[in-house]
Amino acid sequence: QLQLVESGGGLVQPGGSLRLSCATSGLTLDQYVIGWFRQVPGKEREGVSCISLSLGSTYYADSVKGRFTVSRDKAKNTVYLQMDSLKPEDTAVYYCAATYTVVRVPATKGGLDAGTYEYWGRGTQVTVSS
């Protein structure tokens with residue numbers, strides 16, 4: 001059974017940086033896409049970024065493009081979300097999610113759709129405030 005655990009959230013000032021981690025266990029194949037999402041109370045979960053573990057390609061929402069970077073450490077079975085130039089509107093609970101793909105697929109805009117994913121972590125709070 002695939003398990004995902006997020007960590008690295010916290011309080012940071014505007015303009016600062018945080019790196020979120022998504023530790024995976026039970027993941028034995030590269031044919032997964034990992035997505036990062038965020039949610040604030042009263043709003044729908046928003047797709048932030050995704051990475052194809054089989055091809056290494058990445059995709060970003062326009063709201064974070066150029067500021068966030070998703071990457072993977074294969075040896076540690078961990079996916080990271082480096083968040084730079086943080087803004088107060090980035091404040092949210094951040095989740096990682098995984099979906100198994102039968103064939104190798106690139107990361108695309110479809111990877112920002114929460115309905116794509118079968119497995120979810122419990123989230124980590126990110127607060128950007130002075």
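Residues 24 or more positions apart account for 62% of the chain's contacts that have a separation of 6 or more. The model described here is predicted. Its chain has 11 strands and 0 helices, and 5 aromatic pairs turn up in a search of the whole structure.

**Fold and dimensions**

- Along the sequence, the pattern reads β-β-β-β-β-β-β-β-β-β-β.
- The chain is as compact as a globular protein of 130 residues, because its radius of gyration of 14 Å is close to the 14 Å given by the globule rule for that length.
- Along the principal axes, a box of roughly 45 × 25 × 25 Å holds the C-alpha atoms of the chain.

- Of the 130 residues in the chain, 42% are buried.

**Aromatic pair Tyr 32 and Tyr 100**

- Two values describe a pair of aromatic rings: the distance of the centres and the angle of the planes.
- A search of the whole structure finds 5 aromatic pairs, and one of them joins Tyr 32 and Tyr 100.
- The ring centres of Tyr 32 and Tyr 100 are 5.4 Å apart and the planes stand at 65 degrees; planes over 60 degrees apart count as edge-to-face, so this pair is edge-to-face.
- Tyr 32 belongs to strand 4 (residues 32–39) and Tyr 100 to strand 9 (residues 92–100), so the pair ties together parts of the chain that are 68 residues apart in sequence.
- Tyr 32 has 10% relative accessibility and therefore counts as buried.
- Tyr 100 has 37% relative accessibility, so this residue counts as partly exposed.

**Aromatic pair Phe 37 and Trp 120**

- Phe 37 and Trp 120 form a tilted aromatic pair, with 5.0 Å from centre to centre and 55 degrees between the planes.
- This pair links distant parts of the chain: Phe 37 lies in strand 4 and Trp 120 in strand 10 (residues 119–120), 83 residues apart.
- Phe 37 has a relative accessible area of 0% and so is buried.
- Trp 120, with a relative accessible area of 29%, is partly exposed.

**Aromatic cluster**

- Phe 37 and Trp 120 are also members of a cluster, in which ring pairs link them with Tyr 95 and Tyr 117.

Terms used. Residues are numbered from 1 along each chain as its sequence is written. This is a predicted model: local features need pLDDT of at least 70, side-chain atom pairs count only at pLDDT 80 or more; totals for chains, interfaces and linings use all residues. Side-chain values use heavy atoms; hydrogens and water are left out. Helices (H or I, at least four residues) and strands (E, at least two) are DSSP runs, numbered from the N terminus. The radius of gyration is taken over C-alpha atoms; the globule rule is 2.2 Å times the number of residues to the power 0.38. Buried means under 20% relative accessible area, exposed over 50%, partly exposed in between (1.4 Å probe, protein chains only). Contact means heavy atoms within 4.5 Å. Rings of Phe, Tyr and Trp (its six-membered ring) pair if their centres lie within 6.5 Å; planes under 30 degrees apart count as stacked, over 60 as edge-to-face and the rest as tilted.
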